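I opened this notebook to record what I looked up in the structure below. The entries follow the order in which I consulted it.

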Amino acid sequence: MGEARFLGGVAEKYGVQAFDVSEAKRLFLEIYVETYCQGPNAGDIAFQGAVALVRALRAAGLATAVASSAARVKIDANLGAAGFTPEDFGCVVSGTEFERNKPFPDVFLAAARGLGLAPAECVVLEDAPAGVRAARAAGMRVIGVTTTLSRAEMDAEAPDAVFEEVGRISVADITGLVERGAQPVTAQQLGVPGA
């Protein structure tokens, strides 16, 4: 849901007075990039098999994009540290470009537009509840990956398929979902606030 909400939510929970979200976000991103995206352990940031999957999708003629709630500087640092190149994605969208972030569908709809695709032609890989809800609200198929949620928690979000690891997902898994098509789901059906 983005760094501002992440940091601001913690500050709210603990009653921090005069909390400067912009400064906290700047400091957080500086520490994050230096700690996790640079140096000898930078490659550890990638989900095993993610780079291979993206490149296999590209080799199969499929378009790929990144649609993240994170700030663009963090996205770029993560992609570089994980071993991706600019050629691996046809479009990179940061949630900070939008007034509404996940669980609203805006970031995913922008990625589809950036690729020149209809939402029903897209399959999203997501590991968080807000992301699954946003993709469903966009009318896209969703593969849930249980890197941050248990299988039961992910199943409760009702993705079209669930995998324990990105590296277990194949091109055929994704193309099979595209061929089935997606049924649009309204934001109200998903319980998106303010819909």
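Predicted model: local features only at pLDDT ≥ 70, side-chain atom pairs only at ≥ 80, totals over all residues.

Residues are numbered from 1 along each chain as its sequence is written, and side-chain values use heavy atoms, with hydrogens and water left out.

**Entry: overall fold**

I took helices (H or I, at least four residues) and strands (E, at least two) as DSSP runs, numbered from the N terminus. The protein chain has nine helices and five strands. Read from the N terminus, the order of elements is α-α-α-β-α-β-α-β-α-β-α-β-α-α. Of its 195 residues, 43% count as buried. I looked up contacts next (heavy atoms within 4.5 Å). Among those between residues at least 6 apart in sequence, 59% join residues at least 24 apart. For the surface I used Shrake-Rupley areas with a 1.4 Å probe, where for residues only the protein chains shown count as cover. The protein chain exposes about 10400 Å², and carbon and sulfur atoms supply 53% of that area.

**Entry: nonpolar cores**

A nonpolar core is here a set of buried Ala, Val, Leu, Ile, Met, Phe, Trp, Tyr and Cys residues joined through side-chain atoms within 4.5 Å. The largest has 20 residues, and those with the most contacts inside it are Leu53, Leu79, Phe84, Phe89, Ile143, Ile169 and Ile174. Two or more residues each come from helix H3 (50-59), helix H4 (72-82), strand E4 (141-145) and helix H8 (171-180). H3 gives the largest share, five residues. Another core, of 19 residues, lies apart from this one and includes Ala110, Ala111, Ala134 and Ala135.

**Entry: helix H3**

Which residues of H3 are buried? I found Ala50, Val51, Leu53, Val54 and Leu57. Seen down the axis of H3, these fall within an arc of 165 degrees, so they line one face of the helix; the arc is that of the directions from the helix axis to the C-beta atoms. The face turned away from the buried side carries the exposed residues Ala52 and Ala59. Just after H3, Gly61 takes a positive phi of about 90 degrees.

**Entry: Phe84 and the aromatic pairs**

Leaving out residues up to four places away in sequence, Phe84 touches Ala50, Val51, Val54, Arg55, Leu79 and Phe89. Rings of Phe, Tyr and Trp (its six-membered ring) pair if their centres lie within 6.5 Å; planes under 30 degrees apart count as stacked, over 60 as edge-to-face and the rest as tilted. The structure holds four aromatic pairs. Phe6 and Phe28 form a tilted pair, 5.9 Å centre to centre with 55 degrees between the planes. This pair links distant parts of the chain, with Phe6 in helix H1 (residues 3-13) and Phe28 in helix H2 (residues 21-37), 22 residues apart. Phe6 counts as partly exposed because its relative accessibility is 49%, and Phe28 counts as partly exposed at 23%. Phe84 and Phe89 also form a tilted pair, at 5.0 Å centre to centre and 55 degrees between the planes. Are Phe84 and Phe89 buried or exposed? Phe84 counts as buried because its relative accessibility is 14%, and Phe89 is buried at 12%.

Key:
Buried < 20%, exposed > 50% of the residue type's maximum accessible area, 1.4 Å probe, protein only.
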